[in-house]
Amino acid sequence: MKKAFTLVEMLVAVVLLTLLIGVALFSFRLQLMTVRKIKLDSMQRVLAYTQMKRSIESMKYYLVQEYDTVGRPIDYAWDYLFDGTQKKLLFVTENPIFTQGDALVALECKEKKLLYTEEPLYDNIDFLRPSFTDDSIEKTLYDNLEACRFSYVTIQGRKVEVLKGVLPSTVFVTLSNKRFVIRVKSDDNLTKTRLMEGLYDTGL
């Protein structure tokens with residue numbers, strides 16, 4: 001007597017095969033979505049690094065007026081606009097992310113994020129004492145960071161955690177387990193004396 005599959009057995013086999021194919025397709029699609037997300041995240045991080053690097057390496061020597069404790073300008077007292085701590089970096093750059101021309105830029109480590117803030121230098125702010133306004137542009141460059149901090153190397157080659165009033169030769173940016181070394185390309189020969197001579201020649 002020949003054995004054969006019954007209709008019920010055939011239907012069960014078809015159902016099981018359909019389920020297996022469905023699970024396999026779902027897993028494959030999930031894998032594709034994961035790979036696509038990883039690639040997108042990687043591309044966004046590369047773009048964020050490129051933007052951050054261009055801004056930092058293009059920071060420029062920019063003089064600001066010094067003021068006394070009651071807010072009066074001190075005659076012939078000028079300083080470079082640069083304020084760097086372990087958690088925040090403030091400077092003027094020739095290559096901002098969103099606008100053309102010189103801009104005031106801040107990079108800040110806050111709540112496991114690296115935040116970028118930009119304000120065009122000659123639009124709505126006092127270019128002798130620049131600060132951010134309500135119109136400043138903000139962007140999150142990195143998030144979910146395990147660590148975020150800055151350190152600096154001075155023109156004389158000394159490594160410091162805080163630097164104010166002078167531009168660094170190099171900025172170290174630590175993001176999670178990665179450390180980026182960004183060298184500043186500004187002209188070291190452009191001294192404060194020459195900049196001040198230019199200011200007073202124009203009557204400022």
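Predicted model: local features only at pLDDT ≥ 70, side-chain atom pairs only at ≥ 80, totals over all residues.
Residues are numbered from 1 along each chain as its sequence is written, and side-chain values use heavy atoms, with hydrogens and water left out.

S3 and S10 run antiparallel and are joined by two bridges; two strands count as paired if DSSP finds at least two bridges between them. Helices (H or I, at least four residues) and strands (E, at least two) are DSSP runs, numbered from the N terminus. The open sheet consists of six strands in the order S7-S6-S5-S4-S3-S10, with antiparallel pairing. S7 and S10 stand at its edges with a single partner strand each, so one side of each has no neighbour in the sheet.

Aspartate 83 and lysine 164 meet in a salt bridge at 3.5 Å, N to O, where a salt bridge is a side-chain nitrogen of Lys or Arg within 4 Å of a carboxyl oxygen of Asp or Glu. Aspartate 83 belongs to strand S3 (residues 82-84) and lysine 164 to strand S10 (residues 163-164), 81 residues apart. Lysine 164 is exposed, with a relative accessible area of 62%, whereas aspartate 83 is partly exposed at 27%. These classes are set by relative accessible area: buried is under 20%, exposed is over 50%, and partly exposed lies in between (1.4 Å probe, protein chains only).

The structure holds four salt bridges. Another of them pairs lysine 60 with aspartate 102 (2.8 Å, N to O). Lysine 60 lies in the loop between H1 and strand S1 (63-67) and aspartate 102 in the loop between S4 and S5, so this pair ties together parts that are 42 residues apart in sequence. Both lysine 60 and aspartate 102 are buried. Lysine 185 forms a salt bridge with glutamate 57, their closest N and O atoms being 3.7 Å apart. Because lysine 185 lies in the loop between S12 and helix H2 (192-201) and glutamate 57 in helix H1, the pair ties together parts that are 128 residues apart in sequence. Lysine 185 is exposed, at 62% relative accessible area, but glutamate 57 is buried, at 11%.

In the largest nonpolar core, of 30 residues, Ile56, Leu107 and Leu114 touch the most other members. Such a core is a set of buried Ala, Val, Leu, Ile, Met, Phe, Trp, Tyr and Cys residues joined through side-chain atoms within 4.5 Å. Among the elements that give two or more residues to this core are helix H1 (7-57), strand S5 (103-110) and strand S8 (148-153).

One disulfide is counted, a disulfide being a pair of cysteine sulfur atoms within 2.5 Å. It joins cysteine 109 to cysteine 148, with an S to S distance of 2.0 Å. The link is left-handed, with -65° about the S-S bond. Cysteine 109 lies in strand S5 and cysteine 148 in strand S8, 39 residues apart, and both cysteines are buried.
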